[in-house]
Every structure is written in structure tokens, then in C-alpha cells.
Amino acid sequence: MITNDLPRHRLGFFPTPLQELPRLSARLGGPRLFIKRDDQTGLATGGNKTRKLEFLVGDALAKGCDTLITGGAMQSNHSRQTAAAAAACGMECHLALGGAAPREPGGNVLLDLLLGAKIHWCGDRTKGEDIPEIAKTLIAAGRRPYVVPYGGSNAIGAAGFAAALAELKEQAEAADVRFSHIVFASSSGGTQAGLVAGNEALGLGATIHGIGIDKWEGKTEDFAATVLDLTNDLADLAHLDHRFSAAEIRIDQRFTGGGYGIVGDLEREAIRLLAAGEGILLDPVYTGRAFGGMLELIREGALTSADTVLFWHTGGTPALFAYARDLLA
Ligand SMILES: *Cc1c(COP(=O)(O)O)cnc(C)c1O
């Protein structure tokens, strides 16, 4: 695989299960449906960031670092996974999170604290803007910090999802299925970059269909351009003999509803359908929205019974516990 030469530190339990949902397919009258259970990566309630962190932490350890710093929104799954990765390696972890210290920490914030992370509350700066300052202070105190990028999304992190496609290829061959589409939540772009690069490197021939989670304030093309750059950065890092073009980055921005982290009917219905119908928990911010978007693609006939579709479950389950009011509305 194109990622074989990169430093990697094992953090998760792989392969994650590949599960078919025949009852749901029949109920929807739609495509043959599978789900890739990256909510079961095993690192402190799992999620897609485990795959990226295996390569990012590999890089950090190779560079002799002793502290991880990252950041995001208050309920950032990426930050919780990074805190768990640090704990698993005996490293210190600093998180720059949006908002102010909640009176009663719930969901991922509770887990961040249990995992021993030091949280820096950053108000409306939800994308890790304060990280350079935190890094400077740590260096002055004699630490060797490693900055994990927002969402774990640089070429090194994205390598985790190119490797994930090699894992999927083996499972698909064993199950004798060929996926026409892979659908998933796309937000900082590393998952999509890795899937697109892996799909090309392995010749899987699937349509990689990202469901956009953030609004990008009407500048959708900026997100696609970011993902394209990231995919080409990964191609360079992994010596993949292919330059990607804009046409290879498919991001569906129609389902961003009220914006990042705002639960609407689309998310509520998808979460309830999978929970009560299949016993599978989606999350309120990412997978609920992406699965809801996929249901819409089936309704509008963009995905038909001629297709075999993989929904890549990217995790996020702990955030459910911070969204009770919205989910039961
Ligand atoms: C971060 C995250 C995503 C988005 O992945 P990106 O690589 O940032 O695009 C999707 N789902 C969940 C649950 C996440 O935490």
C-alpha cells in the first residue's frame, strides 16, 4: 500500500467490522447497503480520527515529541481521540476548545477530562486558533509539543484513510462485494482525501461521495479546493503517480441545515431510524447528517437498487449525551 513506508503507531483495533443492513435496504427499497463501523475503532469510544492519529502519533514519536496539542469545537471528537492517543502513549495532551468551561461537563468534554487532557477554553475561536500560543508556552517550559492539525487533516493524517481503503478492499473481496459508492461525513477533509487517494491507488472504482457538514458561508468551492489540495499533498507524500483534479472531489453541500452542530429533522430522523431500526448509534453532528443525506440521495433516485453502497460510520457517539434536548425534541 502507498502508506506502508510512513511511521505508524498502533492505537486502534483493526479491521473494524463491515456489516450489511439487508432489512434497512428492503425497507428503503433502495441499494444494497453496508456500514463500515469506525465507531468501533476501540480508542476511547472510537471514531475516524483513530486512523489519522496512528500516522500523526507515529510522526510525533519519530520526532521525539512528548506532548500533543490540538483543538476544535467543544464537542470535538477529534480532540477526545487525541487525548486518548496521548494517554495511550504516555504523552501529555493540551486541547484548545471552543466555548467556556461548562458547569456540568458532558459528552466528549467529560471524556477529555477523564483522559487527563488539559483544556484551554477559547470562546468563539473553535478551530484551534490559540494553538501557536499554547505551543510557545509549552516549549518555554521545556516540553516538546507536536501540533496535531485541525481534524487531524494534513497529508500524514489523511494517509490513515488511504490505508483504511486497503483494509476495506480485503473485506470486500472476502465478502464478494464491489461498492459502487462510499458515502460519509466530510468536514476537515482528511477522511475524503485519504479515501479518494486510496480508491485511485487500489483501483477500487467506487464513487467517493462526501456529505458536507459545515456551511463554509456560501463558499463551497473553497472546501472542495481544500480537499483537492490535501489529496494531492497525500499523493506527493505517498509517491502516488497521479495528480487529482477537481472532478474527482465530490462533496454534497445540500444537507448543512442550520449549520455545524445544529440538529434538525434530517439528523433526528436518521439517528432514530438506525437506532430503533438496527440498534446502531449515529452521532448528532456528523454521521446523523451524513446518513440523513444518504437517505435523501436514495429518495431522489441518485442511489438505486442497482447500486451497492457503503456508509462509512466515522464515530462521534459520545456527543449524543450532550444533545439529549435536541434529539428528543
Ligand atoms: C471529524 C469527524 C468527521 C469528519 O472527518 P474529516 O476527516 O474531518 O472530514 C466525520 N465524523 C465524525 C464523527 C468526526 O468526528
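This is a predicted model: local features need pLDDT of at least 70, side-chain atom pairs count only at pLDDT 80 or more; totals for chains, interfaces and linings use all residues.
E167 is buried, and so is K36; buried here means under 20% relative accessible area, with exposed over 50% and partly exposed in between, for a 1.4 Å probe and protein chains only. These two residues form a salt bridge whose closest N and O atoms are 2.6 Å apart, where a salt bridge is a side-chain nitrogen of Lys or Arg within 4 Å of a carboxyl oxygen of Asp or Glu. Because E167 lies in helix α6 and K36 in strand β2 (residues 32–37), the pair ties together parts that are 131 residues apart in sequence. Helices (H or I, at least four residues) and strands (E, at least two) are DSSP runs, numbered from the N terminus.

Residues are numbered from 1 along each chain as its sequence is written, and side-chain values use heavy atoms, with hydrogens and water left out.

A search of the whole structure finds 19 salt bridges. Among them is the pair of K169 and E173, at 3.6 Å between the closest N and O atoms. Both residues lie in helix α6, four residues apart, about one turn of the helix. K169 counts as partly exposed because its relative accessibility is 27%, whereas E173, at 54%, is exposed. Salt bridges that share partners also join K36, D38, R51 and E167 into one network.

How many aromatic pairs does the structure hold? There are five, counting rings of Phe, Tyr and Trp (its six-membered ring) with centres within 6.5 Å; planes under 30 degrees apart are stacked, over 60 edge-to-face, and the rest tilted. One of them is the edge-to-face pair of F161 and W312, at 5.6 Å centre to centre and 65° between the planes. This pair links distant parts of the chain, with F161 in helix α6 (residues 155–175) and W312 in strand β10 (residues 308–313), 151 residues apart. Both F161 and W312 are buried.

Finally, the ligand. Sixteen residues surround it, the closest being K49, K52, S188, T191 and T314, on a criterion of a heavy atom within 4 Å.
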